[in-house]
Amino acid sequence: MRKTFLFMDTVLNKVDAKGRVSLPSDYRSIVKETGAEIVCYRSLSAPCIEGCLEDLLDKLATQMEDSLDFFSETQDDLTNLVFGDAKRYPFDSTGRIMLAEKLLKHANITDCAVFVGKGRKFQIWNPQNWEKEEQRIRAAAMKNRPSIKESSRES
């Protein structure tokens, strides 16, 4: 049985003047245990940074190839936005990654960043923007009462 690695928790960390931020220790443990690298890119749906292990992007590439016409505009656009923007971010001896300026600008991150676990991926937010987004998500959940159907998929 394959061990599952999930990014969890919400962690606030300082960002230094060079754009370096400490990866939460649980996230660093996942990277060390899997031997994979963290990949980050600008979110397509929110003012935040998306992060994941490189193997998740490999799965995404396969899904795009299998479901989209290779020469379609949709395939071109999605691959440009995700893979053209993605970059590997190794962490230094103190556990910090140095985020690209375009990522920090997209997420409006300056001196602090919030890491939000989302299972197989995570997001990095400006703290004030995350607070508003979390309130929106919780209000929608209270109103709509989401449910999860049991899957027949085995681990």
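Does D58 count as buried or exposed, and at what relative accessibility? In this predicted model, D58 counts as exposed because its relative accessibility is 52%, and the cut-off for that class is over 50%. D58 lies in helix α2, which spans residues 54-67. D58 also belongs to a negative surface patch.

Strands of a sheet pair through backbone hydrogen bonds, either parallel or antiparallel. Here six strands form an open sheet in the order β1-β7-β8-β4-β3-β5. The pairing is antiparallel. Strands β1 and β5 stand at the edges, and each has a single partner strand. One side of each is therefore left without a neighbour in the sheet.

Strand β1 covers residues 10-14 and pairs with β7 over five bridges, in the antiparallel sense. Within this pairing, T10 has V116 of β7 as its bridge partner. Strand β7 is then joined to β8 (residues 121-125) by four bridges, and these two strands run antiparallel. Strands β7 and β8 form a hairpin, with three residues between them. G119 lies in the turn and has a positive phi of about 85°.

On the next step, β8 pairs with β4 (residues 49-53). Four bridges link the two in the antiparallel sense. Q123 of β8 stands opposite E50 in this pairing. Strand β4 pairs in turn with β3, over five antiparallel bridges. C40 stands opposite G51 in β4. A hairpin through six residues joins β3 to β4. Finally, two bridges join β3 to β5, and these strands also run antiparallel. The bridge partner of C40 in β5 is K87.

How many residues of strand β7 are buried? Five of the six residues in β7 (residues 112-117) are buried, so the strand is largely enclosed by the rest of the structure. Strand β3 is mostly covered, with four of its five residues buried.

Charged side chains were examined next. Side chains of opposite charge can pair when their charged atoms come close. The count comes to nine salt bridges. One of them joins R20 and D16, with an N to O distance of 2.6 Å. R20 counts as partly exposed because its relative accessibility is 23%. D16 is also classed as partly exposed, at 24% relative accessibility. Both residues belong to a network of salt bridges that links D16, R20, D92 and R96.

A salt bridge also forms between R42 and D85, whose closest N and O atoms are 2.6 Å apart. R42 lies in strand β3 (residues 38-42), while D85 lies in the loop between α3 (73-82) and β5 (87-88), so the pair ties together parts that are 43 residues apart in sequence. R42 counts as partly exposed, at 31% relative accessibility. D85 counts as buried because its relative accessibility is 6%, and the cut-off for that class is under 20%.

E133 and R136 provide another salt bridge, at 2.7 Å from N to O. Both residues lie in helix α5 (residues 127-144). They are three residues apart, which means that about one helical turn separates them. R136 counts as partly exposed, at 48% relative accessibility.

The backbone was examined last. Most residues other than glycine have a negative phi, and most peptide bonds are trans. N108 is found in the loop between α4 (101-107) and β7. N108 counts as partly exposed because its relative accessibility is 45%.

Note on methods:
Residues numbered from 1 in each chain as written. Predicted model: local features only at pLDDT ≥ 70, side-chain atom pairs only at ≥ 80, totals over all residues. Heavy atoms only, no water. Patch = residues over 30% accessible without salt bridge, like charges linked within 9 Å, V, L, I, M, F, W, Y side chains within 5 Å. Areas by Shrake-Rupley, 256 points an atom, 1.4 Å probe, with all protein chains shown as cover. Salt bridge = Lys/Arg side-chain N within 4 Å of Asp/Glu carboxyl O. Lys, Arg positive; Asp, Glu negative; His and termini not counted. Charge placed at Lys NZ, Arg CZ, Asp CG, Glu CD. Buried < 20%, exposed > 50% of the residue type's maximum accessible area, 1.4 Å probe, protein only. Pairing = 2+ DSSP bridges.
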